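Please consult the sequence and the model before reading on.

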Amino acid sequence: MNKNIAVIKGDGIGPEIVTEAMKVLDKVAKKFGHTFNYEQLLMGGCSIDANGVPLTDETIERAKVADAVLMGSIGGDTNTSPWYKLPPDLRPEAGLLKLRKSLGLFANLRPSVLYPELRAACPLREDISAKGFDMVIVRELTGGLYFGKRLTETVNGVTTAVDTLSYNENEIRRAAVKAFEIAMKRRKKVTSVDKANVLDSSRLWRKVINEVAEKYPEVTCEHMLVDNCAMQLVKDPAQFDVMLTENMFGDILSDEASMITGSIGMLASASLNETKFGLYEPSGGSAPDIAGKNVANPIATVLSAAMLLKYSFDMDKEADAVEKAVSEVIAEGYRTGDIMSEGCKRVSCSEMGDLIANKISCPLC
Ligand code: IPM
Ligand code: MG
């Protein structure tokens, strides 16, 4: 197959980790007989530097006509980077939010799996990590607090800031359908996370989830309050299969879910719309402190590329080959600094990319 991939390397460690993912994709293309054409696009801080804005309309159009988007990470050090002296709508993150909205990417899938070999890097108590876990968080991505009306104003002489958490039933339903569809292909359990004891938006959320759940009688559906969920994630993460939640809760819980795998550098993500189109990026940030040092962990980006193959290109075998290659390299004891433990072999970002790419093989070729 011939496919066009828009590539947004971004800021910080973005260019390094995306280069490794492309290395792996190129190996997949070679082994499985595909052609992947890349078009590099700017978004985030690098676009501010080049174009004065974090995302141009032209970039949105270029991304839309691609078959999928592979992304690194955007943003810089919020305390020191000049990007954060700009008005909020001109900062790097505004570009990412605009891109998600413009491409209609309402469902963000963030798998969180504890590799048995990485148990030593897991910060949880040993009896908890021994049980392992394998969950996917489905985070609603284009609604809620991130996109509600916001303003800062002076009320009776007092500066006041307002952010609005708003959801309509359709936005909730389409995210829920994605979550239940995914659960049908997994262990058939959905945990929907909300704050229905306080928020109206959560009470509507729960009502709509229950309606969708009726259409999936094989799937067990449970509701959990977000504060309890934060606790359950560190107490008993093995209980989760598919976790479904709104935008802001998903942002927070997915960082927690990633950290318990040992490192945020391991976590892939896919942001999908109603079609096969998607944007694939690691869950972690741009890590400006280690940028340019060739020490970042490229695995999250490589696994995001595997999700791209699976969800946007229907290349399941190719995606499996990438995941298998990652598992093998980990099993052989190769580690970047973030997941390093005693007795393992420490490798750089590019060495990790080479190791994974060299393992890619086609079972039928
Ligand atoms: C994420 C990030 C973004 C978010 C930031 C960079 C705007 O934290 O993808 O989780 O909050 O969605
Ligand atoms: Mg986040």
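How many nonpolar, polar and charged residues does the shell around ligand 1 have? By class, the shell holds one nonpolar, no polar and five charged residues, where Ala, Val, Leu, Ile, Met, Phe, Trp, Tyr, Cys and Pro count as nonpolar, Asp, Glu, Lys and Arg as charged, and the others, Gly among them, as polar. This is a predicted model in which local features need pLDDT of at least 70 and side-chain atom pairs count only at pLDDT 80 or more, while totals for chains, interfaces and linings use all residues. Residues are numbered from 1 along each chain as its sequence is written, chains are lettered from A and ligands numbered from 1 in the order in which they are written, and side-chain values use heavy atoms, without hydrogens and water.

**Ligand site**

- Glu93, Arg100, Arg110, Arg139, Tyr146 and Asp251 surround ligand 1 (a heavy atom within 4 Å).
- Oxygen atoms of ligand 1 lie 2.5 Å from a polar side-chain atom of Tyr146, 2.8 Å from a side-chain N or O atom of Arg139 and 2.9 Å from one of Asp251.
- The protein buries 78% of the 320 Å² that ligand 1 exposes when taken alone (Shrake-Rupley method, 1.4 Å probe).

**Domains**

- The domain assignment, automatic or from a database, gives domain 1 (1–117 + 262–365) and domain 2 (123–260).
- Each of these domains supplies at least three residues to the shell around ligand 1.
- The C-alpha centres of domain 1 and domain 2 are 23 Å apart.
- Their contact (heavy atoms within 4.5 Å) takes 21 residues from domain 1 and 25 residues from domain 2.

**Interface between the domains**

- Domain 1 and domain 2 bury about 2200 Å² between them, 60% of it on carbon and sulfur atoms (accessible area lost on being put together, 1.4 Å probe, summed over both).
- Zero salt bridges are counted between domain 1 and domain 2 (a side-chain nitrogen of Lys or Arg within 4 Å of a carboxyl oxygen of Asp or Glu).

Conventions:
Polar contact = N/O pair within 3.5 Å; in protein donor to acceptor, adjacent residues only side chain to side chain. Buried area = accessible area lost by both parts, 1.4 Å probe.
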